[in-house]
Amino acid sequence: MAAHTVLRFVQWTMRRLSTETPRRIVCDACGEGSEETPELTTAQDWAFQHVGRNPSHTRYTEAVTRYWDMTA
């Protein structure tokens, strides 16, 4: 029996679910990171505390999460 495939054109819309942007700062040396927070300064405070405890950990990455919804 042959497989049956139905193709149709659908116009998709992508919209952001929230204007808040959760972010965290991650230490590149050890992989530890701040809690996810919409406030950049909160994540930065964690990084300053972390480098204070670990002076050789001087490079960090900001990880930003944005949630999107797709609708047809």
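Author: Let's start with a term: a residue is buried under 20% relative accessible area, exposed over 50%, and partly exposed in between (1.4 Å probe, protein chains only). This is a predicted model, where local features need pLDDT of at least 70, side-chain atom pairs count only at pLDDT 80 or more, and totals for chains, interfaces and linings use all residues. Residues are numbered from 1 along each chain as its sequence is written, and side-chain values use heavy atoms, with hydrogens and water left out.

Reader: OK, so why does Trp 46 count as buried?

Author: Its relative accessibility is 15%. Buried means under 20%, so Trp 46 counts as buried.

Reader: What makes Trp 46 and Tyr 60 an aromatic pair, and of which kind?

Author: Rings of Phe, Tyr and Trp (its six-membered ring) pair if their centres lie within 6.5 Å; planes under 30 degrees apart are stacked, over 60 edge-to-face, and the rest tilted. Here the centres are 6.2 Å apart and the planes make 80°, so by that rule the pair is edge-to-face. The count by this rule is one aromatic pair.

Reader: Which parts does that pair tie together?

Author: Trp 46 lies in helix H1 (residues 40–53) and Tyr 60 in strand S3 (residues 60–64), so parts 14 residues apart in sequence are tied together. Those labels come from DSSP runs, numbered from the N terminus: helices are H or I with at least four residues, strands E with at least two. As for Tyr 60, it has 24% relative accessibility, so it counts as partly exposed.

Reader: How do you know that the side chains of Asp 69 and Arg 15 meet in a salt bridge?

Author: The rule asks for a side-chain nitrogen of Lys or Arg within 4 Å of a carboxyl oxygen of Asp or Glu. For Asp 69 and Arg 15, the N to O distance is 3.5 Å, so the pair passes. It links Asp 69 in strand S4 (residues 68–71) with Arg 15 in strand S1, 54 residues apart. Asp 69 is partly exposed at 24%, and Arg 15 is partly exposed at 46%.

Reader: How many salt bridges does the structure hold?

Author: Two. Arg 23 and Glu 62 also meet in a salt bridge, at 2.5 Å, N to O. That one links strand S2 (Arg 23) with strand S3 (Glu 62), 39 residues apart. Arg 23 has 16% relative accessibility, so it counts as buried, while Glu 62 has 38% and is partly exposed.

Reader: What makes the link between the side chains of Thr 21 and Arg 16 a polar contact?

Author: A polar contact is a pair of N or O atoms within 3.5 Å; within protein, one must be able to donate a hydrogen and the other to accept it, and residues adjacent in sequence count only if both atoms are side-chain atoms. The Thr 21 and Arg 16 side chains are at 2.6 Å, and theirs is a polar contact. Thr 21 sits in the loop between S1 and S2. With 8% relative accessibility, Thr 21 counts as buried.

Reader: And why is Ser 34 called buried?

Author: Its relative accessible area is 5%, so Ser 34 is buried. You'll find Ser 34 in the loop between strand S2 (23–27) and H1. Contact means heavy atoms within 4.5 Å; leaving out residues up to four places away in sequence, Ser 34 touches Arg 24, Ile 25, Ala 43 and Trp 46.
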